[in-house]
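Trainee: I have this one open in the viewer now. Can we walk through it together?
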Amino acid sequence: DLGFGAFYHGAVGGTVAVNPDLSRASTGDVVLLFMGYTFSPAIYRITGPPGTVVSLLNGPDVFLNGSTGGTLKLHIGNSIPISPFVTTPGPLLLYVGGTLTVLNPGLNPPGSYIGTFNITFVQE
């Protein structure tokens, strides 16, 4: 699961990014909270014949629906390893980050936001 943890925002809004290197950052007046809610990039376990070149094609931005109304825009970001990459013997862990665009509290009230996104794995 791609998770952004807990945060709050003022009248301006901004962004919350979860990076594939397991870090998190914000812009604008978004404040990151550390209240036991975890954040994490999406993690995929990739297996295949060693030496296969794999490229990622991120799907379009999507909107996550809030439990108390509102929507947040999600943009899928970069990965580690960087696309394209070559498979190795055994499983390879792929970390994919993302960025949420947060608007004012009237449009993005507190609550849980959920949705789905698409990534296509192309092997050569």
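Mentor: Start at the hairpin of β3 and β4, which has 5 residues between the strands, and where Leu-22 in the turn shows a positive phi of about 75°. Strands here are DSSP runs of E with at least two residues, helices are runs of H or I with at least four, and both are numbered from the N terminus. The model is predicted, so local features need pLDDT of at least 70 and side-chain atom pairs count only at pLDDT 80 or more, while totals for chains, interfaces and linings use all residues. Residues are numbered from 1 along each chain as its sequence is written, and side-chain values use heavy atoms, with hydrogens and water left out.

Trainee: How many bridges between β3 and β4?
Mentor: β3 and β4 (residues 24–26) pair antiparallel over 3 bridges; two strands count as paired if DSSP finds at least two bridges between them. Ala-17 has Ala-25 as its bridge partner in β4.

Trainee: And which residue is the partner of Ala-17 in β12?
Mentor: In β12 that is Thr-99. β3 and β12 run antiparallel and are joined by 5 bridges.

Trainee: OK, zooming out. What is the secondary structure overall?
Mentor: The protein has 0 helices and 14 strands. Its C-alpha trace spans about 50 × 25 × 20 Å along the principal axes. Of the 124 residues, 32% count as buried.

Trainee: What about the contacts, how much comes from residues 24 or more positions apart?
Mentor: Such pairs make up 66% of the contacts with a separation of 6 or more. Contact means heavy atoms within 4.5 Å.

Trainee: And the accessible surface, what does it come to?
Mentor: About 7100 Å², with 60% of that belonging to carbon and sulfur atoms. The areas come from the Shrake-Rupley method with a 1.4 Å probe, and for residues only the protein chains shown count as cover.

Trainee: Next, β9. Which residues are on its covered face?
Mentor: β9 covers residues 62–66, with Val-62, Leu-64 and Gly-66 on the covered face and Phe-63 and Asn-65 on the uncovered one. In a regular strand the side chains alternate between the two faces of the sheet.

Trainee: What does β9 pair with?
Mentor: β9 pairs antiparallel with β10 over 4 bridges, and Phe-63 has Lys-73 as its bridge partner in β10. The hairpin of β9 and β10 has 4 residues between the strands, with Gly-69 at a positive phi near 105°. β9 also pairs antiparallel with β13, over 2 bridges, where Gly-66 is partnered by Tyr-113.

Trainee: Is Leu-64 buried or exposed?
Mentor: Leu-64 is buried, at 8% relative accessibility. Beyond its neighbours within four places in sequence, Leu-64 has contacts that include Leu-72, Leu-74, Leu-100 and Ile-114.

Trainee: Different topic. What is the strand order in the open sheet?
Mentor: The order is β11-β8-β14, 3 strands with antiparallel pairing. β11 (85–86) and β14 (119–123) are the edges, each with a single partner strand, so one side of each has no neighbour in the sheet. β8, residues 53–58, pairs with β11 over 2 bridges, and Val-53 stands opposite Val-86.

Trainee: What does Ser-55 touch?
Mentor: Ser-55 sits in β8 and is buried at 16% relative accessible area. Not counting residues up to four places away in sequence, Ser-55 touches residues including Pro-84, Thr-120 and Phe-121.

Trainee: Last one, the largest pocket. How many residues line it?
Mentor: The lining has 32 residues, and Gly-5, Phe-7, Gly-111, Ser-112 and Tyr-113 lie nearest the centre. A pocket here is an open set of points on a 1 Å grid over the protein atoms alone, where a 1.4 Å probe fits, with protein on both sides within 12 Å along at least five of seven lines; lining residues have an atom within 4 Å of a point.

Trainee: Which strand gives the most to that lining?
Mentor: β2, with 4 residues.

Technical notes. Buried < 20%, exposed > 50% of the residue type's maximum accessible area, 1.4 Å probe, protein only.
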